[in-house]
Structures are given as C-alpha cells and as structure tokens.
Amino acid sequence: KVTGNDVHSKADGDTLQEGYNYFADASADAAVTLPASPSAGDVVHVKAGDLTSDAVITISRAGSHLIDGETSIALESPFAAVSLVYVAANAWRIV
C-alpha cells in the first residue's frame with residue numbers, strides 16, 4: 001500500500017501523517033506537528049477547510065527538523081494548502 005495516497009482528517013493537537021491531511025471548517029486556531037521520524041522522500045500535504053474568525057493553522061516541526069529553515073509555517077487563508085517533502089536529515093521543504 002502506498003501511504004502517500006492515504007487521507008487523514010486532522011484537528012488541533014494532531015500529528016500530521018504522510019499523505020493527505022485535511023481540516024474541517026474552523027473558527028479557532030489549530031496547531032499540528034510534522035511527523036517525528038520521516039524518511040527522505042516522505043510527502044505531507046495539508047489542506048485547510050473554510051477558516052473564519054481569523055483562524056490559523058500552524059504547522060510546527062518535530063524535534064530539530066526545520067521547514068525551509070523555519071520552525072513553523074502557517075495556513076492563514078480559507079482553503080489554503082501546502083505540500084512538504086522530507087529531503088534530508090532535519091530538512092523539510094515546501095514544494
């Protein structure tokens with residue numbers, strides 16, 4: 001089974017998984033974490049639902065990993081999306 005095609009519903013406090021991660025419509029902020037033990041080539045897709053009341057989804061690193069040099073990124077627009085690939089030790093890249 002190819003886990004990169006799996007679909008996962010996510011909410012505040014969850015850990016993202018390889019594959020597609022989506023959020024329901026939200027009016028409150030949510031904070032999630034990237035996987036702690038990824039392998040090079042793992043891809044994580046994140047898709048927001050309708051974000052109202054200035055809600056933001058914050059995606060944070062696990063451990064010493066960085067996301068294009070940052071410790072976190074945020075989805076701030078309704079229905080925003082981002083894809084990340086783990087390229088090397090401690091290095092996620094936005095694609």
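**View 1. Lysine 10 and its polar partner, glutamine 17**. In this predicted model, the side chains of lysine 10 and glutamine 17 make a polar contact at 2.8 Å. Lysine 10 sits in strand 1, which covers residues 7-10. Is lysine 10 buried or exposed? Lysine 10 is buried, yet has no salt bridge. The nearest side chain of opposite charge belongs to aspartate 14, 4.9 Å away; a salt bridge needs the nitrogen and oxygen within 4 Å. Leaving aside neighbours within four places in sequence, lysine 10 is also in contact with other residues, including Thr15, Leu16, Asn21, Tyr22 and Phe23.

**View 2. A salt bridge between aspartate 68 and arginine 93**. Here the closest N and O atoms are 3.9 Å apart, and the count for the model comes to 1 salt bridge. What does this pair tie together? Aspartate 68 lies in the loop between strand 6 (66-67) and strand 7, while arginine 93 belongs to strand 9 (residues 91-94), so the pair links parts that are 25 residues apart in sequence. Aspartate 68 is partly exposed, at 36% relative accessible area, and arginine 93 is partly exposed too, at 35%.

**View 3. The largest nonpolar core**. Which strand gives the most? That's strand 8, with 3 residues.

**View 4. Around leucine 34**. Skip the neighbours within four places in sequence, and leucine 34 is in contact with Thr15, Leu16, Val44, Ile59, Ser60, Ala62, Ile67, Leu84 and Trp92.

Technical notes
Residues are numbered from 1 along each chain as its sequence is written. This is a predicted model: local features need pLDDT of at least 70, side-chain atom pairs count only at pLDDT 80 or more; totals for chains, interfaces and linings use all residues. Side-chain values use heavy atoms; hydrogens and water are left out. A nonpolar core is a set of buried Ala, Val, Leu, Ile, Met, Phe, Trp, Tyr and Cys residues joined through side-chain atoms within 4.5 Å. Buried means under 20% relative accessible area, exposed over 50%, partly exposed in between (1.4 Å probe, protein chains only). Helices (H or I, at least four residues) and strands (E, at least two) are DSSP runs, numbered from the N terminus. Contact means heavy atoms within 4.5 Å. Lys and Arg count as positive and Asp and Glu as negative; His and the chain ends are not counted. A polar contact is a pair of N or O atoms within 3.5 Å; within protein, one must be able to donate a hydrogen and the other to accept it, and residues adjacent in sequence count only if both atoms are side-chain atoms.
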